[in-house]
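Hello,

Here is the structure you asked to see. My notes on it follow below.

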Amino acid sequence: MDQATGAIRAHRLDRLRDRVRAEPPTTPIVATRVTALRDLGRAETLARVLGGHVVRCGSAAIAIVESRTRLPADLGRLRDLPDPLRPDQPIVCLDTETTGLGTAAGTLPFLVALGRWQADEFVVRQLLLPDQPDEPAMLDVLERHIPPDAQLVSYNGRAFDWPLIVSRYRLHGRPAPDHAAHLDLLGLARQLWRHRLPDARLASVEAGVGGVRRHGDLPGALIPERYFQWLRGGDASLFTDVLEHNRQDVVSLALLLRILSQDVLPERDGRAAMGAVQPQDLAGLGRQYARRGRPDDALACFDRALERLPPTWRDRDLQDTINADRARALGRLGRRLEAVSAWEAVALEGGPMAPIAWIAVAKSLEHVARDPVAALGAARRADALAFRSRFLGRPQPQIERDLARRLPRLIRTARARSLRAASAA
Amino acid sequence: MRIHQPQPTAEVLRGLLAQPDVSAAVTAHRVLPARAAQLAPIPGWIDPRLRGALEDRGMPALYRHQVDALEALRGGEDILVSTPTASGKSLCYHLPVLQAIAEDPSARALYLFPTKALSRDQLAEVRELGDRAGMQLQADVYDGDTPAPLRGRIRAAGQIVVTNPDMLHAAILPHHTAWFQLFEQLRYVVVDEAHSYRGIFGSHVANVLRRLARICAHYGSTPRIVCCSATVGNPEALGRTLTGRPVRVIDRNGAPSGERHVVVLDPPVMDRRTGARPGPSGLARRSALAFLRAERQTIVFGRSRVQVELLLTTLREQLREGRGPLDRVRGYRGGYLPSERRAIEAGLRTGDILGVVSTSALELGIDIGRLDVAVLAGYPGTISGTWQQMGRAGRRQDVSVAILVAGAGSLDRYVASHPDYLFEASAEEARLDPENIHVLLAHLRAATFELPFEPGERFGASSADDLLAFLAEEGHVRQADDLRWYWASENFPASEISLRVAAPENVLIIDTGPARPRVIGEVDLFSAPTLVHEDAIYLHESRQYHVDRLDWDERKAYVRPVDVDHYTQAELAVTLKPLDIFDEAALGDATRSHGEVMVSSLATIYKKLKMDTHENLGWGRIHLPETELHSTAWWLSLSPAATVGWVRDDLDRALVGAGRALRTVACLLLMSDPHDLGVVAQVRSPHLGRPVVYLWETVPGGVGLASRLFERTPELLSAATDLIEGCDCERGCPACVGPGAELATLASPRELAARLLRSLGDVRVAA
């Protein structure tokens with residue numbers, strides 16, 4: 001049977017070949033390899049052309065390119081981040097270049113950059129995979145660079161780079177290296193800076209916040225093809241701008257850590273009023289704290305942000321939003337009276353957050369003050385505002401849904417209460 | 001006299017057959033004797049908890065085939081269980097899987113079902129069994145509807161993962177590193193409804209299973225395979241081709257059944273000159289009515305959605321007199337929403353629903369319990385389809401009845417006049433071709449993406465090296481210095497392959513009648529132009545809806561309920577373009593070929609037809625874009641020598657007539673459903689410049705019928721000639737070349753078609 005199917009297969013393949021050959025080839029086939037390269041080996045060629053060295057593990061080898069950037073930084077405050085980093089444990093910035101998007105088994109990370117501070121220098125080591133069979137060496141070296149107490153820092157690495165690396169280890173039947181923490185700066189950057197940037201890509205953030213200007217940067221979409229060109233026998237110099245792109249990504253991570261530690265976090269405490277940090281940045285930081293269940297830190301951020309709003313500030317909506325966030329944080333902290341008065345202030349302001357604020361006031365009146373009649377009054381204010389919003393073409397379905405349940409209940413309890421009061425009288 | 005009165009099934013049948021016009025129509029009445037259950041004790045090694053669960057269910061012993069399955073698997077064999085509908089096939093895999101989990105809770109199993117509905121049914125059953133056994137079973141469906149938070153849990157800890165081949169292909173295998181816990185501990189792979197994996201779908205699935213086997217080997221597991229199939233003619237070959245391993249066929253059915261009556265009814269001819277016969281609906285309705293009035297649970301199978309809806313309407317109308325159980329008679333077909341279908345299935349199981357009128361949507365193993373009576377309004381087109389539908393009737397103890405009412409179609413005519421064909425012909429063979437070079441290469445790409453190939457590694461039965469070298473030429477695959485083959489492309493190959501070929505695009509049908517418009521159903525894109533064009537009357541649960549607007553770009557049809565006495569029928573203009581010739585060969589003065597084609601169909605006009613008389617009440621135009629279908633076709637092109645002396649108009653009519661006869665014969669020859677083949681006759685093909693008859697496969701991508709027709713062309717031609725020459729009509733009728741009601745001065749189409757086919761006379765000798 002094997003012989004028979006083998007024969008059928010060969011016959012069909014031949015016919016297919018005939019048909020395909022009748023058409024002009026669609027992609028040029030790079031058949032010949034640079035002979036010098038074969039003599040020297042891929043890893044050595046890469047190391048020689050790109051200025052690095054070779055690390056061997058058995059028959060596999062990778063090229064490592066090291067670069068140093070002067071980047072003095074005081075990282076002590078990183079321990080106060082919503083997702084804290086301990087300055088006494090190694091911080092390893094990580095970024096990969098891959099042969100595709102997605103973390104499926106056929107996507108290969110062929111370049112991994114690891115950056116660490118050594119005194120005032122930020123040292124980047126780039127591990128470059130010379131060929132697909134060399135991957136075991138890549139995994140070995142990577143393991144050595146990620147000690148168990150390492151704190152990884154990445155940009156979208158929790159969703160992409162790290163799962164992909166884990167997937168490679170599993171593919172080779174070995175465990176991925178352990179590490180102590182992983183700070184993905186994408187989420188934090190989005191909260192802090194997205195409001196003043198066109199998008200939250202690393203390139204936009206480093207330019208808008210860190211003032212980095214890249215020159216002749218290689219667009220990320222072109223990177224996979226560079227690697228395939230190299231595999232098909234292309235020149236090692238194809239990697240020059242891939243390496244530069246990848247190095248800059250990791251250096252930008254370091255830069256963002258420095259900005260967070262030296263500018264943003266001190267600003268929270270009102271200690272270094274520098275123009276670099278905007279009130280909205282602080283509000284974003286506050287929301288990130290709130291998400292991590294740290295309302296006290298959140299409150300500090302909101303207070304500081306409100307304080308920093310210029311007196312001539314025209315944007316009432318922003319103030320309104322921060323006030324609401326602040327009221328919520330107070331509530332979480334259990335400071336009920338302050339929370340209620342904060343909500344009342346937002347409610348009476350009549351801004352976009354007013355309906356939510358009235359609902360919060362109603363909740364407090366119903367459950368804390370036990371005054372359903374007053375609570376009903378507050379809920380009706382919310383209802384009137386929601387109605388107005390809908391009338392103006394900006395319906396707030398979530399609030400309408402809440403009120404659809406809340407109003408009838410309050411009407412019932414308020415009526416019961418007044419009946420009881422009447423009968424008691 | 002009360003019209004509605006509970007009566008035993010056998011008595012109702014006796015009464016029905018005593019009616020003179022019914023008895024005149026009987027061409028066969030066979031009684032299949034009752035079968036006692038063949039039981040075997042539950043094997044001693046079964047976990048006591050499972051034994052308890054079975055006893056709890058009232059099963060102190062198992063059917064023989066269930067024990068056969070258990071013992072074969074225990075002995076390390078892969079199996080294919082092929083026993084009739086509702087014989088307890090699913091226990092053949094639930095039990096060994098639960099036993100494996102009982103022995104080792106880290107053991108895992110993968111269940112594959114062709115449809116989501118079946119996944120849910122079987123999940124419910126295995127969970128129930130697990131609960132009775134007091135096992136903490138982690139069993140879940142993993143498909144497109146599975147919520148994201150649940151997905152991670154299923155990957156990490158799902159003991160039984162229930163999914164479909166499409167999901168395995170596109171979401172699980174390419175991400176195998178995220179599923180390593182499953183693959184490391186995989187003990188069983190269950191392939192249920194294996195007979196549905198034939199044709200192009202089956203060829204894909206066989207390759208998906210090859211990929212699965214590679215991944216399992218990588219993670220060090222060698223799961224046993226359990227296939228379950230309806231009756232097919234070639235169970236061993238099906239199992240072996242699909243799984244790539246020898247399988248032991250388990251077919252000693254031990255389930256009991258009561259006495260079964262199978263009756264074939266042939267409505268008498270109305271007009272011998274035109275060969276006109278009534279449709280099957282009339283007799284089918286009368287038969288069903290008799291049983292429904294006697295409170296016997298009855299299923300009526302119609303051939304088309306329209307027929308189902310019409311049958312349902314008239315059945316309900318007639319049940320209305322004497323206040324019959326009309327609310328307990330429901331419709332069931334593809335366009336209904338899943339929730340609605342679930343409710344009907346449950347109603348049938350509990351007996352709340354007495355009757356259901358269905359298309360073959362109910363054919364596949366959906367659990368509706370066992371009914372008293374099955375009435376088939378028209379021959380379903382295949383023998384195994386017929387037995388599957390008839391199998392819906394079959395009480396374990398009591399008498400059951402299956403009635404086939406032949407329609408006016410040519411296949412129906414054949415079966416009605418040769419009922420032995422039904423009882424003696426073996427079931428169709430399920431054919432698939434995992435070595436289909438396009439399918440094979442596509443999955444080889446996906447497999448290389450998943451794991452590099454070792455030099456000399458097999459994919460299927462033989463080495464993949466040559467194929468990989470071919471793929472390397474196009475650049476997506478490369479051989480590195482270690483001689484392994486690696487994926488070397490940005491593309492995600494699994495996303496480029498659809499296992500079913502057909503795009504899963506549907507048109508939603510929205511009822512604008514109620515205050516809040518609601519979705520009442522959907523139709524597939526290729527049939528939308530004929531079913532929900534503007535001004536069409538769309539039937540749903542026997543309610544009529546008028547299509548007010550069809551938003552083609554948004555894929556939405558807006559309808560409102562109406563009450564009118566007509567229905568609509570659309571006509572299609574079909575054009576066909578060959579794209580690739582797989583093979584061709586000379587055949588006398590003609591050339592037979594098969595290959596890939598693009599079929600464009602354009603809905604042109606619709607007719608309004610009166611509900612009961614089918615009288616034409618008017619027509620309108622349909623303004624919709626062409627829909628295109630990628631498929632395969634067989635065709636016969638005539639050389640100039642074959643058509644010497646033919647007048648163009650005559651040749652045209654000869655080709656059309658011969659085409660119809662060829663299609664009829666092709667369906668019998670391949671035992672396929674007549675709807676699976678379309679016919680196009682071109683007196684001068686724009687692509688070949690010659691007269692051509694095409695038989696094209698209506699299933700997107702084809703299911704391999706065209707290549708079989710290519711192999712059997714001589715038989716096909718001689719049988720078509722026999723059919724035309726042997727017909728007892730005068731100038732042509734629907735059973736041979738199509739209606740012959742033309743001007744008497746013209747040559748009869750029947751004569752023309754016969755002459756054309758005879759002119760290829762040498763061929764018949766060759767056959």
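A:G350 has a positive phi of about 75°. This glycine comes just after helix α13 of chain A. Helices here are DSSP runs of H or I, at least four residues long, numbered from the N terminus.

This is a predicted model; local features need pLDDT of at least 70, side-chain atom pairs count only at pLDDT 80 or more, and totals for chains, interfaces and linings use all residues. Residues are numbered from 1 along each chain as its sequence is written, and chains are lettered from A and ligands numbered from 1 in the order in which they are written.

Back to α13(A). At 1.5 Å a residue (times one less than the number of residues), its 14 residues, 336-349, should span 20 Å, and the end C-alpha atoms are 20 Å apart, which agrees. Buried here means 20 or more other C-beta atoms, placed from the backbone, within 10 Å of a residue's own. In α13(A), A:A339, A:V340, A:A342, A:W343, A:V346 and A:A347 are buried. Seen down the axis, they fall within an arc of 160° (directions from the axis to the C-beta atoms), so they line one face of the helix. Their cover includes α12 (316-332) and α14 (354-367) of chain A.

In chain B, helix α24 (749-759) is mostly covered, with 8 of its 11 residues buried. Among them are B:R750, B:L752 and B:L756. Its cover includes α21 (648-670) and α23 (713-726) of chain B.

One caution. Chain A averages a pLDDT (the predictor's confidence in each residue, from 0 to 100) of 88. Over residues 24-38 of chain A, pLDDT stays under 50. Where pLDDT is low, the predicted coordinates should not be read in detail.

Best wishes

Note on methods. Helix = DSSP H or I, 4+ residues; strand = E, 2+ residues; numbered from the N terminus. Buried ≥ 20, exposed ≤ 12 C-beta atoms within 10 Å, placed from the backbone. Contact = placed C-beta atoms within 7 Å.
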